[in-house]
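Please prepare a short briefing on the structure below. Group the points by topic and give the cut-offs for the terms used.

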Amino acid sequence: MFADAIALFFVIQSGLAGSAYTRDAPGYNSENHLLANRIQAAVFVRRLQDAVDRNDRLAVAKAIRLPLRVNGPQNYQVRYYRKQSDVLRDYDRLFPAPVVDVIASQDLGDLPRLDGNYMIGSGDIWFGQACLDKFCDDMGRFEIFVINRS
């Protein structure tokens, strides 16, 4: 964990953590960019863990990209949440105790990544950044976009 803190310090000091650090920026290094992205993802999960721990439903709802896709226990059961008020209304269904436990126990140093997105648990929750421009040089904030119910 100390090594992660040192890496975070150097990433912040070098300015790599900002969204303006694009492929054509002077000194761009894809390895450093990936490290900065992983640190930002870990910070997102830590904030999510804090919000879930405090039962701050609004903070959790604000961490969700709408429309939110919720996959049911069987593939044909898919539901989309298009409004934050609906997420808040169904919060207990979306974040039952087992899902809260998965979020709380997620190791910040072990965030599996696939196609630029990250998962919590065994794919229970997927989150990532949305592209804000044509070439994805400018990325949005991290947000949850899929919840898989088992």
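Aspartate 90 has a relative accessibility of 2% and therefore counts as buried, where buried means under 20% relative accessible area, exposed over 50% and partly exposed in between, with a 1.4 Å probe and protein chains only. The model is predicted: local features need pLDDT of at least 70, side-chain atom pairs count only at pLDDT 80 or more, and totals for chains, interfaces and linings use all residues. Residues are numbered from 1 along each chain as its sequence is written, and side-chain values use heavy atoms, with hydrogens and water left out.

**Aspartate 90**
- Aspartate 90 sits in the loop between helix H4 (84-89) and H5; helices (H or I, at least four residues) and strands (E, at least two) are DSSP runs, numbered from the N terminus.
- Neighbours within four places in sequence aside, aspartate 90 is in contact with Arg79 and Tyr81, contact meaning heavy atoms within 4.5 Å.

**Overall layout**
- The protein contains six helices and six strands.
- Their pattern along the sequence is α-α-α-β-β-α-α-α-β-β-β-β.
- Of the 150 residues in the protein, 35% are buried.
- Among contacts in the protein with a separation of 6 or more, 49% are between residues 24 or more positions apart.

**Largest nonpolar core**
- In soluble globular proteins, nonpolar side chains tend to be buried together.
- The largest nonpolar core has 28 residues, of which Phe95, Phe127 and Ile144 touch the most other members; a nonpolar core is a set of buried Ala, Val, Leu, Ile, Met, Phe, Trp, Tyr and Cys residues joined through side-chain atoms within 4.5 Å.
- Two or more residues of this core come from each of H2, helix H3 (57-62), strand S1 (64-71), helix H5 (91-94), H6, strand S4 (117-120), strand S5 (125-131) and strand S6 (139-148).
- The element giving the most to this core is H2, with seven residues.

**Helices H2 and H6**
- Two packed helices are described by the angle between their axes and the distance between the axes.
- Helix H2 (residues 30-53) and helix H6 (residues 97-105) have axes that come within 9 Å and cross at roughly 135°; axes are lines fitted to C-alpha atoms, for helices over the stretch in contact, and angles run from 0 to 180 degrees between N-to-C directions.
- H2 and H6 are therefore oblique to each other, since angles under 35 degrees count as roughly parallel, over 145 as roughly antiparallel, 65 to 115 as roughly perpendicular and the rest as oblique.
- Leu48, Gln49 and Val52 of H2 make the contact with Val100, Ile103 and Ala104 of H6.

- Glycine 121 lies in the loop between S4 and S5 and is partly exposed, with a relative accessible area of 28%.
- Residues up to four places away in sequence aside, glycine 121 touches Val102 and Gln106.
- Glycine 121 is 16 residues from serine 105 in sequence and 8.3 Å from it in space, C-alpha to C-alpha.
- Arginine 82, in the loop between strand S2 (78-81) and H4, is exposed, with a relative accessible area of 57%.
- Leaving out neighbours within four places in sequence, arginine 82 contacts Leu66 and Pro67.
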